[in-house]
Amino acid sequence: MNKNVTLALIVLIMTSCSSVMLTGRKQLNLVSDAQVLAISDSAYNSFMSASVISGKTIDNARVLRVGTKIKTAVEAYMAQNGLSDQLKGYSWEFKLVKDTSINAFCMPGGKVVVFEGILPVTQTDAGLAVVLGHEIAHAIAKHSNERMSQQMATSSVGTIVASIFQKKSAITQTVANTGFALLTEYGFTLPYSRKQEYEADRLGLIFMAMAGYDPQESINFWNRMAASGSGSVPELMSTHPSNANRIANLKNLIPEALTFYKK
């Protein structure tokens, strides 16, 4: 690879950073909000076209009710911090789909999907608020932008590594590429994903508290998640913190969230 191109890639990666609100953590940002929103809308439409909307009237109403309160809290939080422009292009939706998976997600742009399978774990409006606050926080903190940027950066650096060893033996190239892949996965991608999870927990607690839900309910929810067997993969090999570490971290975050709590 041309040395000037390599240098340009390194400079681009080093200078394309923004900060996560509240935590101040620097995050790599190589893609625009408009690009991410376009990709997200397409992915959401594809997912919904292949999914079945839940026919459970009461549960649908709960998802819409809790989701709307969290949305209002997010908009208030962003306005109070002079960040309302960050919600440009958002078009909120809250859908409950017929699926037994213990899961939920929020696409950049405010498209929120809850799977029926998580409702026995959330149990209450407050339990659902824990989930929705967390998932929406991922979108607000632009974690999707960051992950896409990390993949782009990793691909570019991988190309550089390959060019360095291109004249070496096939075995040496294989060892180098495998070592780079492992280093990237366990030294960069997974730890940063866990940082994103902790950030989403922190912001999510604030959002649910502002929406009128007691953030202390997050401990009850995650205890139920642990009892369900979710999150049993060793933390080192997971994008998510272990349930025990998450609960311990939440206990440290709750005092801050309670300052935003409005019954």
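Residues are numbered from 1 along each chain as its sequence is written. Because this is a predicted model, local features need pLDDT of at least 70, side-chain atom pairs count only at pLDDT 80 or more, totals for chains, interfaces and linings use all residues, and side-chain values use heavy atoms, with hydrogens and water left out.

**Stop 1: the core.** Select Ile70, Val74, Val114 and Ile136. Among the 48 residues of the largest nonpolar core, these four touch the most other members. A nonpolar core is a set of buried Ala, Val, Leu, Ile, Met, Phe, Trp, Tyr and Cys residues joined through side-chain atoms within 4.5 Å; buried means under 20% relative accessible area, exposed over 50%, partly exposed in between (1.4 Å probe, protein chains only). Helix H5 (residues 125-140) gives this core its largest share, 10 residues. Helices are DSSP runs of H or I, at least four residues, numbered from the N terminus.

**Stop 2: helix H8.** Now select residues 217-228, which form H8. Which residues of H8 are buried? They are Ser218, Ile219, Phe221, Trp222 and Met225. These cover an arc of only 160 degrees around the axis, so they sit on the same side of H8; the arc is that of the directions from the helix axis to the C-beta atoms. Just after H8, look at Gly229, with its positive phi of about 90 degrees.

**Stop 3: Ala38.** Finish in helix H2 (residues 33-49), where you will find Ala38. Ala38 is partly exposed, at 49% relative accessible area.

How values were computed. Helices (H or I, at least four residues) and strands (E, at least two) are DSSP runs, numbered from the N terminus. The expected span of a helix is 1.5 Å times one less than its number of residues.
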